Amino acid sequence: MERSVLLDLLRIAAIVLVFLSMLGYVLNGLMMDGTWITLFPNGFVQDISGSLTGFYALMGLWGGAYNPPSWFIALIVTLYVVFPVMAYFMRRVPNVTLLSLLIISLLSRWYVGQYGVPFVPSNWFDDIENWAYRLYGFMPGRPGDWFVLCRLFEFGLGVWLALTLTPRAWAVFNGLPHWLKRPIGVLSDLSFPLFLLHYPFLFLVLWLSELGMNVSVAIMILIALLLLMALYVQSVDNKIPRKAWLARMNRKRH
């Protein structure tokens, strides 16, 4: 498949996620408050670019208006940017590299907990607000969550395990019965869209309970709705031929 087609599919998957998040944002205002919420509270360009990339947090806006957990997308993107350097050292000195990443992450978390993110200007109100967020763990703020240096160890641990575990260790997972591997595989595929879509629609539980519905039933309805949306997003994502694309890239390298 041509790269232009692949990029079009990636854009479609991202746009579907953003559209569903915006839908939940608008429905929240209409169903809970009876008002039409401002669709682009931070400006059209900033909200669209921040939603598609997840870089709201780097703009000081955490996850933006529509979907606060979307800051995680930006973190993943930045971690994959540093992955080639990390993998280079992991293949040569894996244990030393993992220990170094742990030290970097600990020092970074200590630093941003004391002084905030370096090179990002702030005023006295931001300092007080960020102190409260760091102290009590509220969202947004919390550079310890989205600042890439603070999360190097967790990402590096996954790389270390992938490179150092023997095939026999992975065989434990491959030896699971099919009836167990199948649902685990499906839930694994759905975990990311579920994570990104759950927040904009949480209001439905409160809305349904205020209408007199049992809270447990309302939660089950929400879970069913989220599963349907996640399955749709995953169906779009499955059309992206990653294996063929990566195989072609490897052939070009060799």
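**Aromatic ring pairs in the predicted model**

Phe 155 is buried, with a relative accessible area of 15% (buried is under 20%, exposed over 50% and partly exposed in between, with a 1.4 Å probe and protein chains only). The model is predicted, so local features need pLDDT of at least 70 and side-chain atom pairs count only at pLDDT 80 or more, while totals for chains, interfaces and linings use all residues. Residues are numbered from 1 along each chain as its sequence is written, and side-chain values use heavy atoms, with hydrogens and water left out.

A search of the whole structure gives 8 aromatic pairs (rings of Phe, Tyr and Trp, the last by its six-membered ring, with centres within 6.5 Å; planes under 30 degrees apart are stacked, over 60 edge-to-face and the rest tilted). One of them joins Phe 72 and Phe 192, which are tilted because their planes stand at 50 degrees, with ring centres 6.2 Å apart. Phe 72 belongs to helix α3 (residues 71-92) and Phe 192 to helix α9 (residues 178-198), so this pair ties together parts 120 residues apart in sequence (helices are DSSP runs of H or I, at least four residues, numbered from the N terminus). Phe 72 is partly exposed at 24% relative accessible area, and Phe 192 is partly exposed at 35%.

The rings of Tyr 80 and Phe 155 have centres 5.4 Å apart and planes at 80 degrees, so this pair is edge-to-face. Tyr 80 lies in helix α3 and Phe 155 in helix α7 (residues 152-164), so parts 75 residues apart in sequence are tied together. Tyr 80 is exposed, at 52% relative accessibility.

Ring pairs also link Phe 72, Phe 192 and Phe 195 into a cluster.

How values were computed:
Helix = DSSP H or I, 4+ residues; strand = E, 2+ residues; numbered from the N terminus.
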